[in-house]
Amino acid sequence: MCGIVAYIGAKPAQSYLIEGLKRLEYRGYDSAGLAVLEGGKLNVVKAVGRVANLEDKIEDLGGFRGTIGIAHTRWATHGGVTEFNAHPHTDDRNGIAIIHNGIIENYAALKTYLEEKGHKFQSQTDTEVLAMLIGELYAPQEGVDLEAAVQAALREVTGAYAIAVICEKEPDVLVVARKGSPLMVGVGAGEYVVASDASAIVSHTTQAFVLDDYNVVKITRSGFRTSTIHNVPVTSKIMQLELELQEIELGGFSHFMQKEIFEQPKAISNCIRGRLNMDEGRIHLGGVGNFSKELSKIKNIVLTAQGTALHAAMIGEYLFEDLAKVSSVAEYASEFRYRNPIVEENTLVIAVSQSGETADTLAALQEAKERGALAMGVVNVVGSSIARETDAGVYLRVGPEIGVASTKAFTGQVAVLSMLAMYMGRKRFMSADQCRDLMKDMERIPGLIERICEQDARIKKVTEKYIHRENWLFLGRGYNYPTALEGALKLKEISYIHAEGMPAAEMKHGPIALINDGMPAVFIANKGRQYEKVMSNIQEVRSRGGHVIAVATEGDKDITKYAEDVMYIPEIPECLSPMLAVVPLQLMAYHAAVLRGHDVDKPRNLAKSVTVE
Ligand code: G6P
């Protein structure tokens with residue numbers, strides 16, 4: 001969603017800000033803006049659309065040389081996509097400019113109060129209300145400087161925020177603060193780069209600290225001071241950013257999504273490294289070790305997530321019941337949090353999330369925790385809000401995911417959930433030998449994904465054949481029913497083709513009416529318990545004129561009798577097969593989007609991390 005970058009130092013801020021905005025483009029946005037202080041004056045430029053449009057406007061103005069500034073990419077929530085609504089927003093009295101991620105929930109009441117005080121608003125945003133409030137409270141002659149005014153304003157606010165604020169009257173000060181939305185400060189030599197994610201910092205410095213909720217940091221060119229919104233001093237711990245620059249660059253690929261699909265062998269290797277203990281026939285997961293006793297008593301598991309992560313969670317539901325014999329359910333976090341869920345004794349809630357910042361997932365986790373559940377995270381971004389909120393957790397370790405359409409995070413989530421299910425299984429019914437056998441298969445996964453990726457050119461050809469079709473079905477059963485949902489989601493996200501995923505048997509209860517001459521139906525038909533049943537479903541589609549594309553197990557000759565096109569995956573136990581079956585579907589979606597001429601990494605209307613409910 002929205003992205004934040006801010007700079008204070010000795011060099012012109014503009015290039016830092018623009019580069020940072022470009023690094024954050026992947027998060028999804030619809031307008032961008034920047035404010036630079038130069039010669040005691042605030043220069044604000046905004047543009048609808050891409051960062052490139054903003055760059056053009058700045059160039060037309062001759063560029064800025066000021067050494068302090070803030071910049072933002074906005075994904076519209078309050079108010080339409082207009083320049084007025086884009087950030088930065090300013091107050092009407094003191095030359096204060098602010099950028100903001102999150103939502104100020106009580107903005108309407110604050111706006112009424114400020115209007116009564118004579119403030120005139122230009123936009124419909126909650127952020128402008130915050131700018132005006134800081135301006136209203138700013139009184140340097142009475143000792144309320146920018147830092148104090150920000151603290152005071154945030155004491156009045158309910159909602160979520162990550163903000164960066166500058167002011168004409170204090171050209172040596174950048175104030176940043178956080179509650180609920182991520183924000184970190186990169187500490188360089190005589191300069192600071194603030195950003196909502198590490199990718200906008202790492203090309204300048206690898207030393208950084210993360211703000212905690214309710215932290216306010218006053219940064220000058222010679223140092224910084226962290227406090228709470230009540231002005232209680234806080235010590236910020238500087239850490240080494242693990243992120244490598246090459247991880248957030250294309251490195252020869254055309255798109256991040258493509259890079260991340262092909263990176264899956266390496267990502268899964270990193271994910272499982274050191275976690276499979278062959279000698280003992282058990283799984284080693286550092287982040288859950290302290291809860292070993294509690295985990296052996298767990299009676300129910302609730303997996304909660306949104307989007308692609310929910311599909312991984314749904315696979316988790318099958319895994320936990322199969323391998324650990326623990327009753328499990330996967331649920332949209334947005335539904336779980338509001339439906340008065342019954343959390344019985346010995347319930348484990350697992351929040352699955354790439355970013356660790358998805359608002360609904362975070363709230364569902366908090367709700368379950370309050371009701372007494374043990375909270376666990378399956379998260380990619382280290383130190384993210386969900387990771388910090390959980391009692392225990394397992395990081396994906398798949399590296400940063402830049403492509404908006406999630407790929408390697410999905411396979412990483414399924415890999416972690418598989419290991420967790422084995423871990424729990426070993427505490428119950430699973431023998432060391434059974435566990436060892438599955439671990440051996442897990443170890444094969446990276447090499448097998450590589451083999452599937454070698455079929456890329458063929459998968460592209462298959463996609464080309466159906467590229468003009470506007471409606472697609474994705475069907476699977478058992479473990480690969482959620483994979484079918486994921487295949488459909490991938491296709492619609494980036495190629496804007498209408499696709500529906502469902503359990504193959506459900507087709508007969510309505511969707512079969514859609515099948516007409518030439519409609520593509522993608523079946524996940526790998527060898528497994530329900531193979532024969534899937535074959536019957538395939539024939540039901542064929543006999544009605546649908547085109548069948550199958551994902552089948554290598555060596556399955558029969559499938560060619562029924563499917564017009566086949567994409568093969570190597571043989572693997574069914575419970576691990578989603579990690580393979582999803583790969584051809586990811587590649588199909590990728591090629592469909594490219595063939596249709598869409599911007600794969602910046603799909604319309606989508607955000608990488610959805611931090612509003
Ligand atoms: C957004 C992204 C999806 C992602 C979902 C959940 O919708 O576009 O790719 O699956 O959020 O995100 P999370 O970070 O919680 O996995």
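This report covers the ligand site, the pockets and the cavities of the model.

The model is predicted: local features need pLDDT of at least 70, side-chain atom pairs count only at pLDDT 80 or more, and totals for chains, interfaces and linings use all residues. Residues are numbered from 1 along each chain as its sequence is written, and side-chain values use heavy atoms, with hydrogens and water left out.

**Ligand site**

The ligand has a shell of 14 residues. The closest are Ser353, Gln354, Ser355, Thr358 and Ala607. By class, the shell holds four nonpolar, eight polar and two charged residues. Here Ala, Val, Leu, Ile, Met, Phe, Trp, Tyr, Cys and Pro count as nonpolar, Asp, Glu, Lys and Arg as charged, and the others, Gly among them, as polar.

Which helix gives the most to the shell? Helix 9 (residues 307–324) does, with three residues. Helices (H or I, at least four residues) and strands (E, at least two) are DSSP runs, numbered from the N terminus. The ligand lies between domain 2 (250–449) and domain 3 (455–613), because both give residues to its shell. The domain bounds come from an automatic or database domain assignment.

| Residue | Protein atom | Distance to a ligand oxygen |
|---|---|---|
| Gln354 | backbone N or O | 2.7 Å |
| Ser355 | side-chain N or O | 2.6 Å |
| Val404 | backbone N or O | 3.2 Å |

The protein covers 90% of the 390 Å² of accessible area that the ligand has on its own. Accessible areas come from the Shrake-Rupley method with a 1.4 Å probe; for residues, only the protein chains shown count as cover.

**Pockets**

Pockets and cavities are found on a 1 Å grid over the protein atoms alone: a cavity is a set of points where a 1.4 Å probe fits but cannot get out, a pocket is an open set with protein on both sides within 12 Å along at least five of seven lines, and lining residues have an atom within 4 Å of a point. Grid points are joined across faces, edges and corners, and a volume is the space filled by probe spheres set on the points.

The largest pocket has a volume of about 970 Å³. Its lining has 36 residues, and the closest to its centre are Ala198, Leu243, Asn380, Val381 and Val382. This pocket lies between domain 1 (3–246) and domain 2 (250–449), because both give residues to the lining.

The second largest pocket has a volume of about 640 Å³. Among its 25 lining residues, Ala160, Gly180, Ala359, Leu362 and Gln366 are closest to the centre. Helix 11 gives the most to this lining, with six residues. The lining divides into six nonpolar, seven polar and 12 charged residues.

**Cavities**

How many cavities of 30 Å³ or more are there? The count is two. Cys2, Thr77, His100, Asn101 and Gly102 are the closest to its centre, of 20 lining residues. Strand 6 gives the most to the lining of the largest cavity, with three residues.

The second largest cavity has a volume of about 90 Å³. Its lining includes Arg477, Lys527 and Glu574. Strand 25 (520–525) and helix 17 (531–542) are the elements that give two or more residues to that lining.

Key: A residue is near a molecule or strand if one of its heavy atoms lies within 4 Å of it. A polar contact is a pair of N or O atoms within 3.5 Å; within protein, one must be able to donate a hydrogen and the other to accept it, and residues adjacent in sequence count only if both atoms are side-chain atoms.
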